[in-house]
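User: I'd like to learn how to read a helical model by its features. Can we go through one together?

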Amino acid sequence: MEHMHEGHDQPHHQHHGHEGAGAGAGKVSWGMAARATLHCLTGCAIGEVLGMVIGTALGWGNVPTMILAIVLAFFFGYALTLRGILAAGVGLRTAVRVALAADTLSIAVMELIDNGVIALWPGAMDAHLSDPTFWIVLAIALAAAFVITTPVNKWMIGRGKGHAVVHQYHH
């Protein structure tokens, strides 16, 4: 899965919004921010669901299961970014630094929102994987996280941060 650059036919230097802090801050499209957020959401959702499945299967309580889900959300979020950067021939050490710089704030905001919705939704924390309430609330929580995180990513990309950092490694 490539990052927010799918379907673009412009050479690297012609993309707008990646020129660095200040330059081009107003040129970042909502579509670009949404693609970066969707990329982040994919990793977060994989980690969240896997963490909940593992925690439930092991009979863990809500808190340890949520912690595992958050840890796995960060892991898979970073892993998706690392995959693209490593595919560009970047060394592991540099790739890890780029992934941490690109995704940490985005994943943190996403996790705060989606876990906050789940924690505050009446009955959601006690819903089992076989309960439709679990899946409905999870979908609502992830949708809320996407909507709230997209402007954060737009702001970061416009300042040469976040997924703008990843962009320089795509050729």
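Predicted model: local features only at pLDDT ≥ 70, side-chain atom pairs only at ≥ 80, totals over all residues.

User: What span should helix H2 have, and how far apart are its end C-alpha atoms?

Analyst: Helix H2 covers residues 62-87, so at 1.5 Å a residue its 26 residues should span 38 Å. The end C-alpha atoms are 37 Å apart, which agrees.

User: Which residues in H2 are buried?

Analyst: General idea first: an α-helix has 3.6 residues a turn, so residues three or four places apart point the same way. In H2 the buried residues include Thr65, Leu68, Ala69, Leu72 and Ala73. Further along, Gly77, Leu80, Thr81, Gly84 and Ile85 are also among them.

User: Which residues touch the most other members of the largest nonpolar core?

Analyst: In soluble globular proteins, nonpolar side chains tend to be buried together. Here the largest nonpolar core has 28 residues, and Cys44, Met52, Ile85, Met110, Ile118 and Leu138 touch the most other members. Helices H1, H2, H3 and H4 each give two or more residues to this core, and H3 has the largest share, with nine. Take isoleucine 118: beyond four places in sequence, its contacts include Met52, Val137 and Leu138.

User: Is serine 106 buried or exposed?

Analyst: Serine 106, in helix H3, counts as buried because its relative accessibility is 0%. Its side chain makes a polar contact with the side chain of asparagine 153, at 3.2 Å.

Notes
Residues numbered from 1 in each chain as written. Heavy atoms only, no water. Helix = DSSP H or I, 4+ residues; strand = E, 2+ residues; numbered from the N terminus. Expected span 1.5 Å × (residues − 1). Buried < 20%, exposed > 50% of the residue type's maximum accessible area, 1.4 Å probe, protein only. Polar contact = N/O pair within 3.5 Å; in protein donor to acceptor, adjacent residues only side chain to side chain. Core = buried A, V, L, I, M, F, W, Y, C linked by side-chain atoms within 4.5 Å. Contact = heavy atoms within 4.5 Å.
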